[in-house]
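Good morning. I will take a few minutes to go through one model, starting with its sheet and ending at a single residue. Please have the sequence and the structure in view.

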Amino acid sequence: MKLHTFFRSSASFRVRIAMNYKGLEYEPAIVSLPKAEHLEAKYKSVNSQGLVPALEDAGRILTQSLAIIEYLDEVHPGPKLLPADPLDRAYVRAFSQIVACEIHPLNNLRTLKYIRSAYKLDEEGVNTVSASR
């Protein structure tokens with residue numbers, strides 16, 4: 001497996017945590033977000049969204065951290081990431097989506113750059129806007 005990742009990407013971090021917890025070996029392919037490598041044609045041929053993480057496995061490419069994590073849990077038995085009980089599993093999925101869909105977007109480099117540019121804010125201003133959401 002090859003994981004396209006960046007060390008400061010929280011979405012990539014989620015996948016790396018899951019892979020390490022499960023003891024899965026993978027080849028890291030570093031994609032620098034500050035250097036905009038995710039926007040280059042070479043990487044967009046891997047993930048047309050231009051986002052990390054992307055996992056190459058069995059000749060296919062998977063994107064979106066939560067989908068990758070659920071795939072890994074289904075394909076690689078134990079230790080399990082999701083509980084067996086449907087209600088407990090729903091609770092874990094809800095908590096995961098709070099992180100991925102509610103918290104993560106406000107810390108995303110793309111969002112922070114937009115806020116900085118659109119509202120002509122310095123770092124303190126960006127942090128104030130991000131914290132108030």
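Four strands make up an open sheet, in the order β2-β1-β3-β4, and the pairing is mixed. Strands here are DSSP runs of E with at least two residues, helices are runs of H or I with at least four, and both are numbered from the N terminus. Two strands pair if DSSP finds at least two bridges between them. At the edges stand β2 (27-30) and β4 (60-63); each has a single partner strand, so one side of each has no neighbour in the sheet. From one strand to the next, the twist averages 20°.

Before going on: this is a predicted model, in which local features need pLDDT of at least 70 and side-chain atom pairs count only at pLDDT 80 or more, while totals for chains, interfaces and linings use all residues. Residues are numbered from 1 along each chain as its sequence is written, and side-chain values use heavy atoms, with hydrogens and water left out.

Strand β1 (residues 2-5) pairs with strand β3 (residues 54-57) in the antiparallel sense, over three bridges. Within that pair, Lys2 is opposite Glu56 in β3. Helix α1 (residues 10-22) packs on the sheet and touches β1 and β3, and its direction makes about 150° with that of β1. For that angle, axes are lines fitted to C-alpha atoms, for helices over the stretch in contact, and angles run from 0 to 180 degrees between N-to-C directions. After α1 comes Gly23, with a positive phi near 75°.

Now helix α3. Its buried residues are Ser65, Ile68, Ile69, Leu72 and Asp73; buried means under 20% relative accessible area, exposed over 50%, and partly exposed in between, with a 1.4 Å probe and protein chains only. Seen down the axis of α3, these residues fall within an arc of 135°, so they line one face of the helix. The arc is taken from the directions from the helix axis to the C-beta atoms. Among the elements covering them are α1, β3 and β4.

Which side chain makes a polar contact with that of Asp73? It is Lys22, at 3.2 Å. A polar contact is a pair of N or O atoms within 3.5 Å; within protein, one must be able to donate a hydrogen and the other to accept it, and residues adjacent in sequence count only if both atoms are side-chain atoms. The Asp73 side chain also reaches the backbone nitrogen of Leu82, at 3.0 Å. Asp73 counts as buried because its relative accessibility is 4%.

Terms used. Contact means heavy atoms within 4.5 Å.
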